[in-house]
Number of protein chains: 4
Amino acid sequence: TNNFFLLAGPCAIEGEEMALRIAEKIVSITDKLNIPYVFKGSFKKANRSRIDSFTGIGDEKALKILRKVSETFDVPTVTDIHVNEDAAMAAEYVDVLQIPAFLVRQTDLVVAAAETGKVVNLKKGQFMSPEAMKHAVAKVTDTGNENVWITDRGTMFGYQDLIVDFRGIPTMKSYAPTVLDVTHSLQQPNQSSGVTGGRPELIGTMAKAGIAAGVDGLFIETHFDPKNAKSDGANMLDLSLLEGLLTKLVAIRKIVAEN
Amino acid sequence: TNNFFLLAGPCAIEGEEMALRIAEKIVSITDKLNIPYVFKGSFKKANRSRIDSFTGIGDEKALKILRKVSETFDVPTVTDIHVNEDAAMAAEYVDVLQIPAFLVRQTDLVVAAAETGKVVNLKKGQFMSPEAMKHAVAKVTDTGNENVWITDRGTMFGYQDLIVDFRGIPTMKSYAPTVLDVTHSLQQPNQSSGVTGGRPELIGTMAKAGIAAGVDGLFIETHFDPKNAKSDGANMLDLSLLEGLLTKLVAIRKIVAEN
Amino acid sequence: TNNFFLLAGPCAIEGEEMALRIAEKIVSITDKLNIPYVFKGSFKKANRSRIDSFTGIGDEKALKILRKVSETFDVPTVTDIHVNEDAAMAAEYVDVLQIPAFLVRQTDLVVAAAETGKVVNLKKGQFMSPEAMKHAVAKVTDTGNENVWITDRGTMFGYQDLIVDFRGIPTMKSYAPTVLDVTHSLQQPNQSSGVTGGRPELIGTMAKAGIAAGVDGLFIETHFDPKNAKSDGANMLDLSLLEGLLTKLVAIRKIVAEN
Amino acid sequence: TNNFFLLAGPCAIEGEEMALRIAEKIVSITDKLNIPYVFKGSFKKANRSRIDSFTGIGDEKALKILRKVSETFDVPTVTDIHVNEDAAMAAEYVDVLQIPAFLVRQTDLVVAAAETGKVVNLKKGQFMSPEAMKHAVAKVTDTGNENVWITDRGTMFGYQDLIVDFRGIPTMKSYAPTVLDVTHSLQQPNQSSGVTGGRPELIGTMAKAGIAAGVDGLFIETHFDPKNAKSDGANMLDLSLLEGLLTKLVAIRKIVAEN
């Protein structure tokens, strides 16, 4: 297939039933539309508050849910890792290890992910140019692991805004398959409230522009009930809107991909 | 028709024969593709060097060429104006008066253009937010002239770069029909040489993303021989590539426009 | 003297009595502190609302007030011009012609100012790099007029903020005497209200940093009653605070200027 | 004393003799000028190349050199940490733990540093607003550790430039003592070569502006021979210039600090 691929799911794994229900719904849509699908869920919140105690059991529990999703629906899964030790642990359960944007310059973490042999999905730092991702990709491929993707989630634009530079897509595609993270590139950081804002009505605009500009994949956080999601609800797509959007995107992709 | 419209032409009117040849070629393409077409040419270079003497004859000559293009091919024309007196003069020859981005905050100029009753095409200042264009549009409509367009040509991103914010397109469309100026939004200003740079290989990427994001029109400078154009050659599209690009854009538009 | 010079005054000339009172106060302070002083007042509001009728009498009246201030206190004056015709007219009344930031790329206007032989004060466009001011300065000096200053009023930083780049001060000083416009560089443009915001509590911080970084002059808008000034009140300095601030600045200047 | 404090040293600890020689020189200058001094040296390069093997011995060796500097000259020391485990280890040897800018949003790392009871020096992320540092400071103080500093090292300005926003200094001072990192704020990241550029001739300009704007401390990397330093040479100050610069800064500080 020459279609784009989709990374989608809830932000964090909130529980097995929720994960399976979301996966089931997305699988039914992507199967119909012939979109290769990767289920995404965070197994821990790295920047969790200091008060909540960290529990190894919580991590393993979430990773097991990711494995269960994978086995139940025969789809690959992706999760993000934050410290070097996460790499080997998560690699036992998922197919793609994602490096968060703030950490993509941490060589040790990137190399630890690369050495698992899994696909490494490098998020472009909000402080990096598309061209600078060449060096991040090389840190993966220098280990002998050629399975590397780049994901754009926007670039700092003043203090309280992120902007997606569509000129960077052809640049990054020359290094590795490139994904547009529609959800996080619509964030508005550094709001005085300490809560990151968002503009969910623009999800469709950004996704269509991304496919038209030639991205290989899209990342979209989606939820049956975005307003009640435990994190990132501000930029999540309501699952009931996903099929309509993807149908248009597949049609655009077809035009863009043909010569 | 529900198609997008196209503003295209050479940057400056270099001569009658050249203008007619370019117009003829574009008209033949846009007729075939059912794209409403507006011929664009600058009748003077506002920021011309101090040494070249300004000649009223030059201006009128260029405006007459614009009228001749209009009459020959039965297409409307657009030109940019720089001082208040230009408005009435140019309005005798063209259908759309364009306000340059640096001048869009000059109320007198905007009002002078509006009072001609012609379509006023307001270029978004590189220093303005999409939301701020609401006030510029109001300066036109407050005169009773409802014929107003907005054209985005990018926003300052550091000192030497412009970036197009596709989130702004739905915003600006809520004020007036919105055009993406593909050519000038690819400029890289403030280069140490004093010559504005560009990245012409990205014309297709930007045009496709713009149509997918829902713009009503596109502006593309094009030339039979961009490398030898007298100005702005760095970001012009070779005319031989125009039909192929527009064909894809019409197909994307069709998908985006349908419900 | 090796001191910095000061451009200060109200934003717009609101009336003769007000202008003379403000000038008298500033002259008494700058005389005491040996600061060369230039009285600043706008003789018209270029971007005035469309509804207010433009009156030639208003312009001339304001220019005559500027002349009266000059004669009364034996100080030079500066005003900003917006169209080519303003240059010769204003030059009959004032000593320094200021080119607004949005218009500094309008070659005709810069040349018209230069040809009066007066000092031309070029405000750096919010969309320009310090290095790009070299070309603007050359447009003045190419006419044979060597009396040219540069004034920095900040650079776009995202959509709704301006930032002063102190690295640019040595760069611009290599082209011409360089002034920091403390008042306008603290603006926050493109606010959704359509009214430019500000942070007046930072006037002292910026002025001190500017003098320490080596600027040749400062521009400060000041008023007996900023909250009731007809425009720009948000970033004006209360006149009662001027002497205390200038005293510190003179002391910093002395340290910076000595070898 | 009401003077500013100085964090200075080489970038990385290259060896004991070098560290002691640099410390001796800086101590002799800061003693004379009554500047509280903290010796800074990195005990490991976190983003070291993948090929160089990491050696625990190297880390401990560098930390012991830091302790030796401290004991020899009776000065506190600061080093940066990159993973949670570094915090307790480094705390045995140094007085101030510095959180790198890219990592300041990693709650675990900030808390691990805070829990040592040492001073925590939080570098402002290049992607953060001054206001957002309030939340980072709270992560330290919420552990009961009130010893926290903020260090500004510039903010992203387009892809390839950093800019220091002097308006942020009063803001950050309202949260914690604030340091200006002159060396790193002059970097120019994302250069196509993969090597970060710099503008060392601006060190004095930035340091003077920072003191004038009221910073509590300065960070300056310095070396007997910047061109041959193993890293960051592009923005290091030649040690022979340090005394002259600090002398001016102390004089400016005196003016700024008095009421």
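How many bridges join strand 4 of chain A to strand 5 of chain A, and do they run parallel or antiparallel?

## Strand 5 and its neighbours

Strand 4 (residues 96-99) and strand 5 of chain A run parallel and are joined by 4 bridges; strands are DSSP runs (E, at least two residues) and helices are runs of H or I of at least four, numbered from the N terminus, and two strands pair if DSSP finds at least two bridges between them. In this pairing Ile99(A) stands opposite Leu122(A). From strand 4 the chain passes through helix 4 (residues 107-114) to strand 5 of chain A in a right-handed β-α-β crossover, that is, clockwise from the first strand over the helix to the second with the strands pointing away from the viewer.

Strand 5 of chain A also pairs with strand 6 (residues 148-152) of chain A, in the parallel sense over 4 bridges. Asn121(A) has Trp149(A) as its bridge partner there.

## Burial

Of the 5 residues in strand 5 (119-123) of chain A, 5 are buried (under 20% relative accessible area, 1.4 Å probe, protein chains only). Val119(A), Asn121(A) and Lys123(A) point one way, Val120(A) and Leu122(A) the other.

## Contact with chain B

The contact (heavy atoms within 4.5 Å) takes 30 residues from chain A and 30 residues from chain B. The rule finds 2 salt bridges across the interface, with a side-chain nitrogen of Lys or Arg within 4 Å of a carboxyl oxygen of Asp or Glu. Arg167(B) forms a salt bridge with Asp161(A), with the closest N and O atoms 2.7 Å apart.

## Basis

This is a predicted model, in which local features need pLDDT of at least 70 and side-chain atom pairs pLDDT 80 or more, while totals for chains, interfaces and linings use all residues. Residues are numbered from 1 along each chain as written, chains are lettered from A and ligands numbered from 1 in written order, and side-chain values use heavy atoms, without hydrogens and water.

Methods:
Buried means under 20% relative accessible area, exposed over 50%, partly exposed in between (1.4 Å probe, protein chains only).
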